[in-house]
Amino acid sequence: MCRNITELRGLEPAATDEEIEAAARQYIRKVSGIRHPSAANVEAFELAVQQVTEATHALLDVLPERRQPPKTVPPLRRPEVRARMAARETA
């Protein structure tokens, strides 16, 4: 269902809080079918994001180390990717 969510376990460096929340937000958007919650739904939407973020942190904390890194890394969230993008914009 959420094929576009990047694997977070085993990243080097480890997944950041921002990456974990972004994955949770993407999951909640997909499940709810809501990309931008209305004023009536924003509280429930943000609570769900918070709960999924916390559950993801808990899961990643107890899983053993991976033997191999994931095949993909969060392409637009890694600092080195952000630095390359910023360098291109200023060039």
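Mentor: Buried means under 20% relative accessible area, exposed means over 50%, and partly exposed lies in between, with a 1.4 Å probe and protein chains only. The model is predicted, so to speak of local features we need pLDDT of at least 70, and side-chain atom pairs count only at pLDDT 80 or more, while totals for chains, interfaces and linings use all residues. Residues are numbered from 1 along each chain as its sequence is written, and side-chain values use heavy atoms, leaving out hydrogens and water.

Trainee: Thanks! What pattern does the protein chain follow along the sequence?

Mentor: Helices (H or I, at least four residues) and strands (E, at least two) are DSSP runs, numbered from the N terminus. The protein chain has 3 helices and 0 strands. Read along the sequence, the pattern is therefore α-α-α.

Trainee: How many salt bridges does the structure hold?

Mentor: A salt bridge puts a side-chain nitrogen of Lys or Arg within 4 Å of a carboxyl oxygen of Asp or Glu. Arg-25 meets Glu-21 in one, at 3.1 Å from N to O. Arg-25 also forms one with Glu-46, where the closest N and O atoms are 3.0 Å apart. For the structure, the number of salt bridges is 2.

Trainee: Is Arg-25 buried or exposed?

Mentor: Glu-21, Arg-25 and Glu-46 are linked in a network of salt bridges. Glu-21 is partly exposed at 36% relative accessible area, and Glu-46 is partly exposed at 34%. Arg-25 has 17% relative accessibility, so Arg-25 counts as buried.

Trainee: Which backbone oxygen does the side chain of Thr-53 reach?

Mentor: Thr-53 lies in helix H2 (residues 42-62) and is buried, with a relative accessible area of 12%. A polar contact is a pair of N or O atoms within 3.5 Å; within protein, one must be able to donate a hydrogen and the other to accept it, and residues adjacent in sequence count only if both atoms are side-chain atoms. At 2.8 Å, the side chain of Thr-53 reaches the backbone oxygen of Val-49.

Trainee: Which residues is Thr-53 in contact with, leaving aside neighbours within four places in sequence?

Mentor: Contact means heavy atoms within 4.5 Å. With those neighbours set aside, Thr-53 is in contact with Ile-20, Glu-21 and Ala-24.
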